[in-house]
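Biologist: Hi there! Could you take me through this chain, one question at a time?

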Amino acid sequence: MIVPVHVDGHDIEGQCEPVKEFGEVVVYCDDYEDDYEVRMDEVELDFTDLEDVVAEYLDVIVEILVADYRDVLLRVLENRKNEAMRK
C-alpha cells in the first residue's frame, strides 16, 4: 500500500549535514524514523488495501465479529441461507 507522508524539514534538520565535495555542496542525511499518529478519518483505503488487511488479519477480524457482532452475523447467514433455498 502506498501512503503519502509529509515530514517537516525541521524534523530532519538535525539528521542532515552539508559536505563540500569537488567544489559542490552535497547534503547527506541519516535515516529518519519516527512515529506519526493518524486518526481514522485521515486514512483512506481502496478496495485492494482492504483485501490485503483482511487477508493479513482474518483470524482477528473473525474473533471481533463473533464477539461483538454475533447477532448480526447470524441474521446475515440466515438471510443468505433463505435466499439460496428460494433459488
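Biologist: Glad to have it on screen. Which element has the lowest mean pLDDT, and which the highest?

Modeller: Keep in mind that this is a predicted model, with a chain average pLDDT of 87 and 97% of the residues scoring at least 70. Where pLDDT is low, predicted coordinates should not be read in detail. Among the elements of the chain, the lowest mean, 78, belongs to helix α1 (residues 9-12), and the highest, 94, to α2.

Biologist: Thanks! What pattern does the chain follow along the sequence, and is it compact or spread out?

Modeller: There are 3 helices and 2 strands, and read along the sequence they follow the pattern α-β-β-α-α. For 87 residues the globule rule gives 12 Å, and the radius of gyration of the chain is well over that, so the chain is more spread out than a compact globule, with a value of 25 Å. Along the principal axes, the C-alpha atoms fill a box of roughly 80 × 25 × 20 Å.

Biologist: How many of the residues, in percent, count as buried?

Modeller: The chain exposes about 8700 Å², of which carbon and sulfur atoms supply 54%. To count as buried, a residue must have under 20% relative accessible area. Of the 87 residues, the share that does is 1%.

Biologist: Which element gives the largest share of the nonpolar patch?

Modeller: The patch lies on the surface and has about 960 Å² of accessible area together; its members include Val38, Leu50, Tyr57, Ile64 and Val76. At least two patch residues come from each of α2 and α3 (70-86). The largest share, 6 residues, is supplied by α2.

Biologist: Which residues do the salt bridges join into one network?

Modeller: Side chains of opposite charge can pair when their charged atoms come close. The whole structure holds 2 salt bridges: Arg39 meets Asp41 at 3.1 Å, N to O, and Glu42 meets Arg39 at 3.6 Å, N to O. Asp41 is exposed at 61% relative accessible area, while Glu42 is partly exposed at 46%. Through shared partners, the network is made up of Arg39, Asp41 and Glu42.

Biologist: One more, please. Which residues does Tyr32 touch, leaving out those up to four places away in sequence?

Modeller: Tyr32 is placed in the loop between β2 (24-29) and α2 (47-68), and its 28% relative accessibility is why it counts as partly exposed. Asp11 is 21 residues away along the chain, yet the C-alpha atoms of Tyr32 and Asp11 are separated by 8.8 Å. With the cut-off at heavy atoms within 4.5 Å, the residues touched by Tyr32 are Val7, Asp11, Ile12 and Gln15.

Methods:
Residues are numbered from 1 along each chain as its sequence is written. Side-chain values use heavy atoms; hydrogens and water are left out. Helices (H or I, at least four residues) and strands (E, at least two) are DSSP runs, numbered from the N terminus. Buried means under 20% relative accessible area, exposed over 50%, partly exposed in between (1.4 Å probe, protein chains only). Patches are made of residues with over 30% relative accessible area and no salt bridge: like charges are joined within 9 Å, nonpolar side chains (Val, Leu, Ile, Met, Phe, Trp, Tyr) within 5 Å. Accessible areas come from the Shrake-Rupley method with a 1.4 Å probe; for residues, only the protein chains shown count as cover. A salt bridge is a side-chain nitrogen of Lys or Arg within 4 Å of a carboxyl oxygen of Asp or Glu. The radius of gyration is taken over C-alpha atoms; the globule rule is 2.2 Å times the number of residues to the power 0.38. pLDDT is the predictor's confidence in each residue, from 0 to 100.
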